[in-house]
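Q: Can you walk me through this one? I have some questions once it is on screen.

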Amino acid sequence: MSTSQPPKTSSGSPLWEVFVRSKRGLSHTHAGSLHAPDAHMALRNARDLFTRRQEGVSIWVVRATDVVASSPDEKDPFFDPAGDKVYRHPTFYDVPDEVQHI
Amino acid sequence: MDALEQQFQDTVDGDGRIEPRDWMPEGYRATLIRQIAQHAHSEIIGMQPEGNWITRAPSLRRKAILVAKVQDEAGHGLYLYGAAETLGADRDELLDLLHAGKQKYSTIFNYPTVSWADVAAIGWLVDGAAIMNQVPLTRCSYGPYARAMIRVCKEESFHQRQGFEALTVLANGSPAQRRMAQDALNRWWWPSLMMFGPSDDNSPNSARSMAWGIKRFSNDELRQRFVDATVPQAEWLGLTVPDPDLRYDEETGHYVFGEIDWTEFFEVMKGNGPCNRQRLATRVAAHEEGAWVREAAAAYAAKHSAREVAA
Ligand SMILES: [Fe+2]
Ligand SMILES: [Fe+2]
């Protein structure tokens, strides 16, 4: 595990990752990143940058250096434990055609 | 080709996306940083020719639209600088390179906007050409660039339509307004065609960019598409495309157009266009005159975080 981004500053402003909830009932989704001197400014900048057309009802900003990420390799052994557990899927089980509502 | 490079190329060939922390060839990284930075610079320099008319827009409606459009272009620049940073580029360094004239921006923004009709023509032609260039980039192999382009393309359509609408008003207006519209088309047509870059036989890095999934269509292919889409629009406006060689080829279903003046293109590229010096000077002045704002914001943030620690 490692942080996802090397620490970066632009004119002394740290990098922030921005997550936007597009409407109530949906999760926040990563929208992009921006530089801002503090969390308050990061939120305001995020509003101006990512929600100029009402694309969001809620914004999270997270310092890029605070994001912890798994390694980028899709075939990473980190994800191996789930690889051989097909019985976690409903399609693993045979149910006769005449049995309904299951 | 080693295993990492093979894995990279397989991902690209399978129309997959490369993400920031994936292994990638150094040439791929460098090409993308250069292209994305140049694209970002074009967005923010592109604010100037139109920004020139904000205080003189002919109505409050046009003014509000123009402010929104220019603000979008600032946003496009920020999305793109953000994408470049995921490749390890430093935003301040990219801006320094722009200010020092060491990185380019699109030649189109070195032409002056001498009348209101130019603002309309830019929306129609320049944003129209930008859309042709940018739509294929939404499927670019580099994830953050592709995602930034999806966002940009969603916003560009408004840019093109507002320009076309404004030009429609002029083209159907008084004789003086019609002359303004025609004059704007005369001056912006050829520079807009140059936005697609040099012709294919003079575009040495195209093949590599195609193999890497950064580029999907050649410069000439995209230029042809733009001409095919735009000429009927000019006819609908009742304006004349300033190209005596322009004709529709029934057999191919495409327009045949005249030779582009590549000498002009390369001269503007080298810095000898009508507004190169002015654009760069304005950009540098804005950056320098804004330094105190950045310093004040940083001081405010430092003071507040010190208080939090103390509390
Ligand atoms: Fe743009
Ligand atoms: Fe635009």
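Q: Leaving aside its neighbours within four places in sequence, what is H287(B) in contact with?
A: H287(B) is in contact with L95(B), H99(B) and R294(B), where contact means heavy atoms within 4.5 Å. This is a predicted model, in which local features need pLDDT of at least 70, side-chain atom pairs count only at pLDDT 80 or more, and totals for chains, interfaces and linings use all residues. Residues are numbered from 1 along each chain as its sequence is written, chains are lettered from A and ligands numbered from 1 in the order in which they are written, and side-chain values use heavy atoms, with hydrogens and water left out.

Q: Where is H287(B) placed?
A: In helix α12 of chain B, residues 276-289. Helices (H or I, at least four residues) and strands (E, at least two) are DSSP runs, numbered from the N terminus.

Q: Is H287(B) buried or exposed?
A: H287(B) counts as buried because its relative accessibility is 18%. Buried means under 20% relative accessible area, exposed over 50%, and partly exposed in between, with a 1.4 Å probe and protein chains only.

Q: Switching to chain A, what does H30(A) count as?
A: Partly exposed, at 43% relative accessibility. H30(A) is in strand β4 of chain A and, not counting residues up to four places away in sequence, touches E17(A), V18(A) and F19(A).

Q: And how many residues of strand β4 of chain A are buried?
A: Six of the eight, residues 28-35 being the strand, so β4(A) is largely enclosed by the rest of the structure.

Q: How does strand β3 of chain A run relative to β4(A)?
A: Antiparallel, with seven bridges joining β3(A), residues 13-21, to β4(A). Two strands pair if DSSP finds at least two bridges between them. V20(A) has T29(A) as its bridge partner. The hairpin has six residues between the strands, and G25(A) there takes a positive phi near 100 degrees.

Q: Now the two chains together. How many residues of chain B are in contact with chain A?
A: 23 residues of chain B, with 23 residues of chain A.

Q: What area do they bury between them?
A: About 2000 Å², 43% of it on carbon and sulfur atoms. Buried area is the accessible area (1.4 Å probe) that two parts lose on being put together, summed over both.

Q: Which three residues supply more of chain B's share than any other three?
A: R21(B), E85(B) and R151(B), which supply 30% of the area that chain B buries against chain A.
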